[in-house]
Amino acid sequence: MTATPSQPYSPVVPCGPRAGRGGIGRRSSAAPSGLVAQSPAPLRGASPRSSALRDALVLVSLPLVAALALPAAFAGGGTRRWFGGRADNQRAEAQAAKDAAAAAFYELDTAQRDLRISIETITAVDDSPAARRAVGDFEALGRRIDEASHQYINAVDAHDLDRDDLEASVAARARAELTAAKDELGRVKQDLDRFADGLGPLLGKAETQLARLAPAVERARQGLLAASNALDAVRESGLKADDLAARLAALGSDLTKLNQGAGQHGVPQTLERAERVARAAETIKVEAERLPERAAEIDHRLVSLRTRAQALTTRSGQVDPVLSELRRRFVAACWQDLQHVPEQAGENVRQAEQKLKEAQTARDEQRWPDATALLSTVRALLNTTDESVSAAGDRLRRLNAVQKDPQQEIDRTRFAIRDAQRLAMAGRNTPDPRHARPLDDSVARLERAITTLEGRHPDYWHFLTETEAVRRTVARVVAQIREERGAGH
């Protein structure tokens, strides 16, 4: 505001009596001259009465004019300005610095809260050294954030920018401190942002595991429900599934931990538990659904193995005549190892029949694993018996063939040796000693076996075992040669 310019000077006309010392008619030194009412000079020819009336009106109007002129008088020349001075400019700048610092403080606080959620996500899933190092770095950043926040709060608390008597120097100092606090908050915010960017791989891994957690737990629960339903269906068909029911009940503790949540047991442990429970429940469900088929299969195997045991009993009785012929026609070395076959075959058949009875009992009691194990034992006993019984008849057949024509066995073995020798020499001027030596030894061994056929009672079984041994040696050499040449290509 500026003072109202004064009017051109004109003398004050005395009028009326004074209102005491310095009365209304006296000009105030604090008021501008143009705002003081002046009475005009008396008109020529005016009567004294009309002049007195005019002076009275002037006196009445003076208080109103003075009241209107009072504000301007305080803002007039030579007085101090109330608004718009240097202190107010400094106050505005300090307030702007305060607002900027508050915005920086809010941004840093928001970023810290968001990053804390990320750290909690990582620690809930990952216990690796990298994750533990990230937690330590976040705690160090937290201490820096606290220091910057305290600097900002102290700067705000130290200065009351709303005081009427705020001095310009105080406002300037407040602006400097608030600006420094804002800059420090900004620097910490940049460091926090860089740290958050570096958490990308750890956070991605943690979020992937968390994304797998809920579906994995749900699959485990659904798997347990499906297994329970399958067991109920089996029981309704009249079959027992006590072992499956026991295995399903053993998963109850795992289900309790899954229901308690990953917060109590950890995300990796809960995820592993959920996947394991889902696999176990699926296995129980499949076995329960196969149980009727399994019962039918056990029934079929009982009948089949019982029939086979009876057949082997019959065949075992035929071993004695075969041994008798072997004793009569060939030297003892050709049949001596078969002497125990009849007795051993009979014992095996008796054991197999006993195990069949036990398997039948287990089937009737629906002890499916026991029945399956017993049937496997029966099968092994019968296989052994079958091989020993067949060995006697096979021995007689082979001895008859070599006695009739030993040259066929000799030619077969020599052909195998010559074929191996040609392979060893292929593409070479001299054979590799690693190949030539065993082949030469095989030739000599065959010649010695042939000499055993001379005399009145040749040992045909020794001759057959020797030729078989020679062919096995030759086959190993051939395989070695082909393997080395294949690796070379």
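**Close-up 1. Glutamate 272 is partly exposed in this predicted model, at 40% relative accessibility.** Partly exposed lies between buried (under 20% relative accessible area) and exposed (over 50%), computed with a 1.4 Å probe on protein chains only. The side chain of glutamate 272 meets that of arginine 276 in a salt bridge, 3.4 Å from N to O. A salt bridge here is a side-chain nitrogen of Lys or Arg within 4 Å of a carboxyl oxygen of Asp or Glu. Both residues sit in helix α9 (residues 267-316), 4 residues apart, about one turn of the helix. Helices are DSSP runs of H or I with at least four residues, strands are E runs of at least two, and numbering starts from the N terminus. Arginine 276 is partly exposed, at 31%.

**Close-up 2. Glutamate 468 and arginine 398 form a salt bridge.** The N to O distance is 2.2 Å. Glutamate 468 belongs to helix α15 (residues 460-488) and arginine 398 to helix α12 (residues 368-404), so the pair ties together parts 70 residues apart in sequence. Glutamate 468 is partly exposed, at 24% relative accessibility.

**Close-up 3. Lysine 189 pairs with aspartate 193 in a salt bridge.** Their side chains meet at 2.9 Å, N to O. The two residues are about one helical turn apart because they are separated by 4 residues in helix α4 (residues 168-198). Lysine 189 is partly exposed at 21%, and so is aspartate 193 at 31%.

**Close-up 4. A network of salt bridges links Arg144, Glu184, Arg187, Asp191 and Arg194.** The whole structure holds 32 salt bridges.

**Notes.** Residues are numbered from 1 along each chain as its sequence is written, and side-chain values use heavy atoms, without hydrogens and water. In this predicted model, local features need pLDDT of at least 70 and side-chain atom pairs count only at pLDDT 80 or more, while totals for chains, interfaces and linings use all residues.
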